[in-house]
Amino acid sequence: MRRYARWTWRRRMTVLKMLHWKDPLTPVDSCINLECLWWKALSTTNPHSPCFEPLTYDMLPRSTRWIVKSWRRWHPRWIHALLELRMAYLNQAIQQEMNAWKSSSSLSSSQQGFRIISLGAGYDVRSIRLLNDPSLEGRMECFEFDLPTTIESKERLLKERLLPRQLQKGTSLELPVMIGIDLNDTEELRRQLQLIFDKDASTDDWHTIFVVEGVLMYLQPDRAVAALQLCAEMATGPASLCFADRLFNYSHCDPIPIQERLLETGWELKQWAPSPTANAKHMGIA
């Protein structure tokens, strides 16, 4: 099995080209986010997975997406299992923070607002799922930041593939606000966050949840720190940071130095649940 896992890893780029052969909507691949789309599809099409949902599958090309369901059981549970773990953790962490604020807030459910800001969202559909979840009470708004080329590719996938397929099933979807930006550009990140927080006259009725999933480790180290600082600095009202990433380029899972560095950026570590075998091995809430 280990040999088979290595074989699939070495040939993943060749396989991706085959999966998108003659696909007019072939997405841009940056920091393996196209690979993550297919790996996540392996988990989200499994009805026994805690990450089960139909949206990711509907973003894949019609001619080859059947392979995900047909061959899922034969694909080694390695990379996509680690992604499944961090997806499940972040989903749970976001829900936990929402529930905690609901119980502590004096506002009614209709007055409470939740703002999700995903840094480096890639082709993930978490924001779409949250925006269209009828079980979630209160107001909800979602923003996704990623490279302009990735945002452009994702918008095409959503408007020309996901939305039409969902409409065929009788479902209409609200989409998040998608912002094309290089997160290494600290000043542009500041400007975009300022635009988000300036538009609300009242801040106490909104809880902001920043989500970082496998993105900080691809930024320049000092810019990754600056991004965390900006999130803490710019947020108005209560805010949380839910992460599954590699913080401060540390290769270990000792929480003490990470807790100290987070405090320097304005965040207090609240929960720590590392995944030592993963590339994005630091998971938690601040």
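Q: Where does Asp205 lie?
A: This is a predicted model. In it, Asp205 sits in the loop that runs between helix 8 (186-198) and strand 4 (206-213).

Q: Is Asp205 buried or exposed?
A: Asp205 is buried: its relative accessible area is 15%, and the cut-off for buried is under 20%.

Q: How far apart are Asp205 and Phe114, in sequence and in space?
A: They are 91 residues apart in sequence, and their C-alpha atoms are 8.5 Å apart in space.

Q: How many bridges join strand 2 to strand 3, and which way do they run?
A: Four bridges join strand 3 to strand 2 (residues 139-146), and the two strands run parallel. As one of the pairings, Phe143 has Val177 in strand 3 as its bridge partner.

Q: Now the packing. How many residues are in the largest nonpolar core?
A: That core has 33 residues. The ones with the most contacts inside it are Ile117, Phe145, Leu193, Phe210, Leu241 and Leu262.

Q: Which elements supply at least two residues of this core?
A: Strand 1 (113-119), strand 2, strand 4 and strand 5 (239-245) do, and so do helix 8, helix 9 and helix 10. Helix 9 gives the most, with seven residues.

Q: What is Leu241 in contact with, leaving aside neighbours within four places in sequence?
A: Phe210, Val212, Leu228, Leu262, Trp267, Gly284, Ile285 and Ala286.

Q: What about a second core?
A: A separate core of 26 residues includes Leu37, Leu60, Val125 and Leu157.

Q: Back to helix 9. At what angle do the axes of helix 9 and helix 10 cross?
A: The axes of helix 9 (residues 221-234) and helix 10 (residues 255-265) cross at roughly 55° and come within 8 Å. That angle makes helix 9 oblique to helix 10.

Q: Which residues make the contact?
A: Helix 9 uses Val225, Leu228, Gln229 and Ala232, while helix 10 uses Arg261, Leu262, Glu264 and Thr265.

Q: And how many of each class does the contact have?
A: Four nonpolar, two polar and two charged residues.

Conventions: Residues numbered from 1 in each chain as written. Predicted model: local features only at pLDDT ≥ 70, side-chain atom pairs only at ≥ 80, totals over all residues. Heavy atoms only, no water. Axes fitted to C-alpha atoms, helices over the stretch in contact; angles between N-to-C directions. Parallel < 35°, antiparallel > 145°, perpendicular 65-115°, else oblique. Contact = heavy atoms within 4.5 Å. Nonpolar A, V, L, I, M, F, W, Y, C, P; charged D, E, K, R; others polar. Pairing = 2+ DSSP bridges. Buried < 20%, exposed > 50% of the residue type's maximum accessible area, 1.4 Å probe, protein only. Core = buried A, V, L, I, M, F, W, Y, C linked by side-chain atoms within 4.5 Å.
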